[in-house]
Amino acid sequence: MPDTTYGSTARFRTLAQGAAALVLTLGLAACGSSAVSADGENSGKGRNPDELVLATVPDESSSSVQSEYAPLAKMLEKETGKKIRIEKATTYASVIEGQRAGKIDIAMHGPLSYVVARRSGVKATPIAAQIKTKGADSGYRSYGIVKNGSAIKDLAGYQGKKVCFVDPTSTSGYLYPVAGLSKAGVTEKDIKPVMAGGHDASALAVLSGQCEAGFAYDAMVDKLLVERKHMKAGDLTIVWKSDVIPGSPLTVSDDLTADLKTRITQAFRTKANADYLQQNGYCTGDACKIDGYWGFTPTDDADFESVRDVCRRVGEDQCVAN
């Protein structure tokens, strides 16, 4: 786990400088998925590639993204008539840069990384947000966590401590925590921040004592790490909960043809869910869940205005990739 401390400006400069190299780790070569067919970009109708790249940052340190997303990919291939390539990104910065470079067609974002992407010139539209269960709201919360038995009782107690965050462009793993700490009178200069790289890594670092306190999103603490037997219920104590955060959006590049964007949008809003995937023979049981989620619900840009509000409260430099 990297134990890296950043100042606000330096942190985002580092992300931007490393983004181009991170794109290469995705395998997004110029001759790859963004190759345009004869009726594509040059015709003025938009890009119509033979292969679509869907990039995601797993909510845990998962090595099984290809298998987890296989049922979804098969469904999308049928609905769009395109080959679907799933790419596992290591950071939100690499997804942002890949989309901006035109090498990613469909991307899973966190709410903050979506806001950062739009502000950095990415031309993409949010069409759906992940939900844990059928009919559920897409919102979720950030948790402030400590190891059970810790003397830390609230965010004010984070002062002077080694604190695990997730990623500088993580909403529940960085932006909302920074806002919460600020409200409690604690600045980043008052703590020793660590960027753990994943919600699971942040929580487990707190559990192991590598960090004295930290942050992760609610389901990772309440459910996922317990179900995956990485910890027992009660091993971590929740000392803070954020306001509700809008659900993680899936975005589609604006320069695709209108017909292709429509097919992708309808597929995600009506068929990218565990019920449909199982009923139509793409998978069975839990294998039909995408990253542990039941599926998607419609969303649009206006749903993320609350994230922009938090950006304004904590300082705009937290929400711009320099």
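**Figure 1. The disulfide of cysteine 311 and cysteine 319 in the predicted model.** Cysteine 311 and cysteine 319 are both buried, where buried means under 20% relative accessible area, exposed over 50% and partly exposed in between, with a 1.4 Å probe and protein chains only. Their sulfur atoms lie 1.9 Å apart and form a disulfide, defined as a pair of cysteine sulfur atoms within 2.5 Å. The torsion about this S-S bond is about -100 degrees, so the disulfide is left-handed. Residues are numbered from 1 along each chain as its sequence is written. The model is predicted, so local features need pLDDT of at least 70 and side-chain atom pairs count only at pLDDT 80 or more, while totals for chains, interfaces and linings use all residues; side-chain values use heavy atoms, with hydrogens and water left out.

**Figure 2. Crossing of helices α4 and α10.** Helices (H or I, at least four residues) and strands (E, at least two) are DSSP runs numbered from the N terminus. The axes of α4 (residues 111–119) and α10 (residues 305–314) come within 10 Å and cross at roughly 80 degrees. That makes α4 roughly perpendicular to α10; angles of 65 to 115 degrees count as roughly perpendicular, under 35 as roughly parallel, over 145 as roughly antiparallel and the rest as oblique. Axes are lines fitted to C-alpha atoms, for helices over the stretch in contact, and angles run from 0 to 180 degrees between N-to-C directions. On the α4 side, Pro111, Leu112, Tyr114, Val115 and Arg119 meet Val307, Arg308 and Cys311 of α10, contact meaning heavy atoms within 4.5 Å. By class, this contact has six nonpolar, no polar and two charged residues. Ala, Val, Leu, Ile, Met, Phe, Trp, Tyr, Cys and Pro count as nonpolar, Asp, Glu, Lys and Arg as charged, and the others, Gly among them, as polar.

**Figure 3. The disulfide of cysteine 164 and cysteine 211.** The S to S distance is 2.2 Å, and both cysteine 164 and cysteine 211 are buried. With a torsion of about 60 degrees about the S-S bond, the disulfide is right-handed. This pair links distant parts of the chain, 47 residues apart: cysteine 164 sits in strand β6 (residues 162–165), and cysteine 211 in the loop between α6 (199–208) and β8 (213–217).

**Figure 4. The disulfide of cysteine 283 and cysteine 288.** Here the sulfur atoms are 2.1 Å apart, and cysteine 283 and cysteine 288 are both buried. The torsion about the S-S bond is about 125 degrees, so this disulfide is right-handed.

Figure 5. The buried residues are Tyr92, Ala93, Ser94, Val95, Ile96, Glu97, Gly98 and Gln99. Glycine 102, which follows α3, has a positive phi near 80 degrees.

**Figure 6. Helix α7 (residues 218–227) and its cover.** Asp218, Ala219, Met220, Val221, Leu224 and Leu225 are the buried residues of α7. Their cover includes β5 (142–147), α6, β8 and β9 (236–241). Just after α7, lysine 229 takes a positive phi of about 60 degrees.
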